[in-house]
Amino acid sequence: MLFLATFFPTWEGGAGAYDFVGEFMKATVDLADLVGLHLVMSRNAGKGEYKIMVAAMGWATAELVMSRCIPLWVGARGIEFDWKYIQMSIDSNINLVHYIAMAALVWMFTRYDLPKRYRLPLTLLLGLSVYKAFFMESFVHVFLLGSWTALLVKAVITGFLALSSLGLFVTLVHGN
């Protein structure tokens with residue numbers, strides 16, 4: 001967060017304008033998350049499935065506590081019902097699936113016995129997982145999507161990413 005605030009200050013463009021280059025550079029900083037995820041999984045002993053689950057659950061829990069816990073706790077306890085809290089809850093579940101898929105991709109990518117034919121699909125899926133937020137924000141801005149439609153598109157993209165990583169995981173781990 002300090003790195004983002006120092007090198008990528010808020011954009012002073014006009015109202016309704018979108019800074020594609022600045023947002024792309026901010027999304028590129030998420031590559032450091034992949035390095036950190038690899039370090040966490042490489043320091044723990046155990047089977048790959050457990051490493052993936054522990055790293056993904058820890059990351060999703062930290063993200064939930066730091067960004068959504070207070071608004072959900074304060075806002076959802078209020079007297080008046082609002083659909084944004086339901087959307088935040090659904091978005092948290094989508095993010096959990098995304099983090100599990102990303103942890104599995106990082107674990108598969110760093111295996112020493114990875115066949116060469118899996119390198120390109122894993123790299124493409126890792127790139128999609130890192131830049132997913134940028135693609136979503138750009139897509140929502142260009143096509144002027146509503147919040148429910150954007151949530152549906154995010155769920156579809158995350159589902160594609162998760163099913164693709166599951167398919168690669170099953171063929172890589174259980175195919176050997």
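Start with T158: setting aside its neighbours within four places in sequence, T158 touches I94, V97, H98 and K132, where contact means heavy atoms within 4.5 Å. T158 sits in helix 9, which covers residues 147-173. With a relative accessible area of 2%, T158 is buried; buried means under 20% relative accessible area, exposed over 50%, and partly exposed in between, using a 1.4 Å probe and protein chains only.

Keep in mind that this is a predicted model, so to speak of local features takes a pLDDT of at least 70, side-chain atom pairs count only at pLDDT 80 or more, and totals for chains, interfaces and linings use all residues. Residues are numbered from 1 along each chain as its sequence is written, and side-chain values use heavy atoms, with hydrogens and water left out.

Now hop over to L122, in helix 7 (residues 119-130). L122 counts as buried because its relative accessibility is 1%. Apart from neighbours within four places in sequence, its contacts are L105, M108, F109, L114 and L168. Take L105 from that list: 17 residues separate L122 and L105 along the chain, and their C-alpha atoms lie 6.5 Å apart.

Zooming out, the protein has nine helices and zero strands, counted as DSSP runs numbered from the N terminus (helices are H or I, at least four residues; strands are E, at least two). Of its 176 residues, 31% count as buried. Among contacts between residues at least 6 apart in sequence, 72% join residues at least 24 apart.
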